[in-house]
Amino acid sequence: MNDASHSPASGSASIAGRVLRGVLSVLAILMCALALGAVLALLSLFAGIRPCWLMLVGAPLLVLVLLATGSLQGRIAPAAAAFAVLLAGGYAECLDAVARIAALTGATFTETLHTGGIALTMQVAELGLSPLNVMVYAAAAIIGVWLARSRTQDSGI
């Protein structure tokens with residue numbers, strides 16, 4: 001009769017555990033997406049191509065890492081995967097924009113980021129996007145959604 005599963009405290013521990021898992025999943029999604037965006041920006045600068053093309057390879061890798069860590073679970077996994085892919089792409093585009101401004105002005109990356117601020121960075125990143133770039137990012141997000149949906153359905157989550 002002294003079973004711990006029937007005590008009122010186990011319900012609150014369960015809720016606290018779910019909230020903690022949710023917060024950790026959100027943090028993992030943010031950190032992995034931003035890390036991928038930084039890596040894609042760096043690779044695109046070295047390769048001389050736009051970050052969107054590298055996202056076609058990065059999107060499945062990002063989703064697989066998030067699935068392996070348990071950060072994508074439940075019904076919201078496809079939406080979270082799309083968010084992560086688009087966040088990584090947006091961050092890569094912003095870093096690429098700062099690097100382009102720095103190259104034109106001769107300032108360092110940090111000086112350019114602090115002087116121009118986020119508004120200038122976002123505007124240059126937006127101006128650098130063509131309809132083809134947007135379609136490539138949409139395709140990468142669709143790949144991420146498909147992969148997250150197929151993996152979560154296979155595992156029964």
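Predicted model: local features only at pLDDT ≥ 70, side-chain atom pairs only at ≥ 80, totals over all residues.

Guide: Helix H3 has 29 residues, and its first and last C-alpha atoms are 42 Å apart, close to the 42 Å expected at 1.5 Å a residue.

Visitor: How far apart are the end C-alpha atoms of H4, and what would a straight helix reach?

Guide: H4 runs over residues 109-128, which is 20 residues. At 1.5 Å a residue, a straight helix would reach 28 Å. The ends of H4 fall short of that, at only 18 Å.

Visitor: Where in H4 is the kink centred?

Guide: The bend in H4 comes to about 100°. The kink is centred on Gly 117.

Visitor: Is Ala 148 buried or exposed?

Guide: Ala 148 is found in helix H5, residues 131-155. Leaving out residues up to four places away in sequence, Ala 148 touches Val 63, Leu 67, Leu 72, Ala 77, Pro 78 and Ala 81. Buried means under 20% relative accessible area. Because its relative accessibility is 0%, Ala 148 counts as buried.

Visitor: How far apart in space are Ala 148 and Leu 67?

Guide: In sequence, Ala 148 and Leu 67 are 81 residues apart. From C-alpha to C-alpha, the two are separated by 7.4 Å.

Visitor: Which helix gives the largest share of the lining of the largest pocket?

Guide: The largest pocket has a volume of about 320 Å³. Its lining has 15 residues, and those nearest the centre are Arg 21, Gly 22, Ser 25, Ser 71 and Gln 73. The elements that give two or more residues to this lining are helix H1 (8-47) and H3. The largest share, six residues, comes from H1.

Visitor: How many disulfides does the count come to?

Guide: A disulfide needs a pair of cysteine sulfur atoms within 2.5 Å. Cys 32 is partly exposed, at 23% relative accessible area, whereas Cys 94 counts as buried at 14%. By the distance rule, the number of disulfides is zero.

Note on methods
Residues numbered from 1 in each chain as written. Heavy atoms only, no water. Buried < 20%, exposed > 50% of the residue type's maximum accessible area, 1.4 Å probe, protein only. Helix = DSSP H or I, 4+ residues; strand = E, 2+ residues; numbered from the N terminus. Expected span 1.5 Å × (residues − 1). Bend = angle between axes of the 7 residues up to and from the residue. 1 Å grid on protein atoms, 1.4 Å probe; cavity = no way out; pocket = protein on both sides within 12 Å on 5 of 7 lines; lining within 4 Å. Points joined across faces, edges and corners; volume = space filled by probe spheres on them. Contact = heavy atoms within 4.5 Å.
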